[in-house]
Amino acid sequence: MFNETYKLPNSVEIPKLGLGTWLLDYEQVAQAVRDAVSIGYRHIDTAQAYMNEVGVGEGIRSSGVAREELFITTKVAAEAKNYDAVTQSIDESLSKMMLDYIDLLIIHSPQPWKEFREENRYFKENKEVWKAMENAYKTGKVKAIGLSNFLQDDVENILASYEIKPMVNQILAHMSNAPFELIEYCQKNDILVEAYSPIAHGAVLDHAEIKVIAEKYGVSVAQLCLRYDIQLGLVVIPKTANPDHMRNNAELDFVISDADMETLKNVEHIQDYGEHSFFPVFGGKLK
């Protein structure tokens, strides 16, 4: 699985499987990166908002693998909505991780988190953010640029006036909750879709219908979820600090049949993400 990649429009190759680092603190994330790289992972995903870029950088430097063999993603904070703030934040991310370049830089959200999916869409501001990212790309600070949590009209706003086309849209996409129309729109526009929380933050692990199909293939529910997203043409970035889970998540050498894919596309939608339900991406609101 570790050798499988997608090719972005600028010919940069991105591993299909990455390690997510959301909610991992400094000490956890440095060790998680080292463990993941030793197991075979080459794609690490972080964000300014995670406040763990320093730890990710430490993990990279102490991993024993050359920097150019790794694919590192970070995200511009959702609250940074002007050119200067974004430019400064990119330099801060490079400094915190002690990197010369970032492989993929994406806008974490079209709106600040406290206004996520509200009336103000920040169309004008996001064009300014995109201009700062294009300039970081031109100067070699980043190798690829993209979006996250952007709905179709958010993407259309960027596509209406760009120099460098968005290469990625990272969204919540997992079994029982995959925005198929948005995925299809992005793919038609040659924008690769990445799936965060591909195992629904654990909310699908006890899903009876999914468990039956996982048992049919002799795999875990987590493995089935990851394979499902990959067969939709997505990058998957499951988050874990557990080396056993990292290994399990990479054992995806099976194929879900077309019939089972159709069944899985139509399983009952998850209504409750448990303790994570207050996060905006799961339908909640930050206080």
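Two strands are taken to pair if DSSP finds at least two bridges between them, and helices (H or I, at least four residues) and strands (E, at least two) are DSSP runs, numbered from the N terminus. By that rule strand β7 (residues 145–148) and β8 run parallel and are joined by 2 bridges, with Ser 148 standing opposite Gln 170 in β8.

The structure is a predicted model, in which local features need pLDDT of at least 70 and side-chain atom pairs count only at pLDDT 80 or more, while totals for chains, interfaces and linings use all residues. Residues are numbered from 1 along each chain as its sequence is written, and side-chain values use heavy atoms, with hydrogens and water left out.

## Overall form

The protein has 10 helices and 10 strands, and its C-alpha atoms fill a box of roughly 50 × 45 × 40 Å along the principal axes. The radius of gyration, taken over C-alpha atoms, is compared with a globule rule of 2.2 Å times the number of residues to the power 0.38; for 287 residues a compact globule would have a value near 19 Å, and the 18 Å of the protein agrees with this. Buried residues (under 20% relative accessible area, with exposed meaning over 50% and partly exposed in between, for a 1.4 Å probe and protein chains only) make up 56% of the 287 residues.

Contact means heavy atoms within 4.5 Å, and among contacts between residues at least 6 apart in sequence, 74% join residues at least 24 apart. The protein exposes about 12,400 Å², of which carbon and sulfur atoms supply 48%; accessible areas come from the Shrake-Rupley method with a 1.4 Å probe, and for residues only the protein chains shown count as cover.

## The sheet

Strands of a sheet pair through backbone hydrogen bonds, either parallel or antiparallel. Here an open sheet of 8 strands has the order β3-β4-β5-β6-β7-β8-β9-β10, with parallel pairing. Strands β3 (19–20) and β10 (235–236) stand at the edges, each with a single partner strand, so one side of each is left without a neighbour in the sheet.

Strand β4 (residues 43–45) pairs with β5 in the parallel sense over 3 bridges, and the bridge partner of His 43 in β5 is Phe 71. Strand β5 (residues 71–76) in turn pairs with β6 in the parallel sense over 4 bridges, where Lys 75 stands opposite Ile 106. In a regular strand the side chains alternate between the two faces of the sheet. In β6, Leu 104 and Ile 106 point one way and Leu 105 and Ile 107 the other way, and all are buried. Strand β8 is mostly covered as well, with 5 of its 5 residues buried.

## Individual residues

| Residue | Relative accessibility |
|---|---|
| Ser 109 | 0% |
| Leu 19 | 0% |
| Gln 170 | 2% |
| Tyr 122 | 12% |
| Ser 197 | 12% |

Leu 19 has its place in the edge strand β3. Leaving aside neighbours within four places in sequence, the contacts of Leu 19 include His 43, Ile 44 and Asp 45, together with Pro 238, Thr 240 and Met 246. The C-alpha atoms of Leu 19 and Lys 75, 56 residues apart along the chain, are separated by 14 Å.

Gln 170 lies in strand β8 (residues 168–172) and, not counting residues up to four places away in sequence, touches Asp 45, Lys 75, Ile 106, Leu 147, Ser 148, Asn 149, Glu 194, Tyr 196 and Ile 237.

Ser 109 is found in the loop between β6 (104–107) and α4 (123–138). Beyond its neighbours within four places in sequence, Ser 109 is in contact with Ala 78, Lys 81, Phe 116, Asn 126, Ser 148, Asn 149 and Phe 150.

## Backbone angles in two loops

Most residues other than glycine have a negative phi, and most peptide bonds are trans. Tyr 122, in the loop between β6 and α4, has a positive phi near 60° and is a residue other than glycine. Ser 197, found in the loop between β9 (192–196) and α7 (208–217), has a positive phi of about 45° although it is not a glycine.
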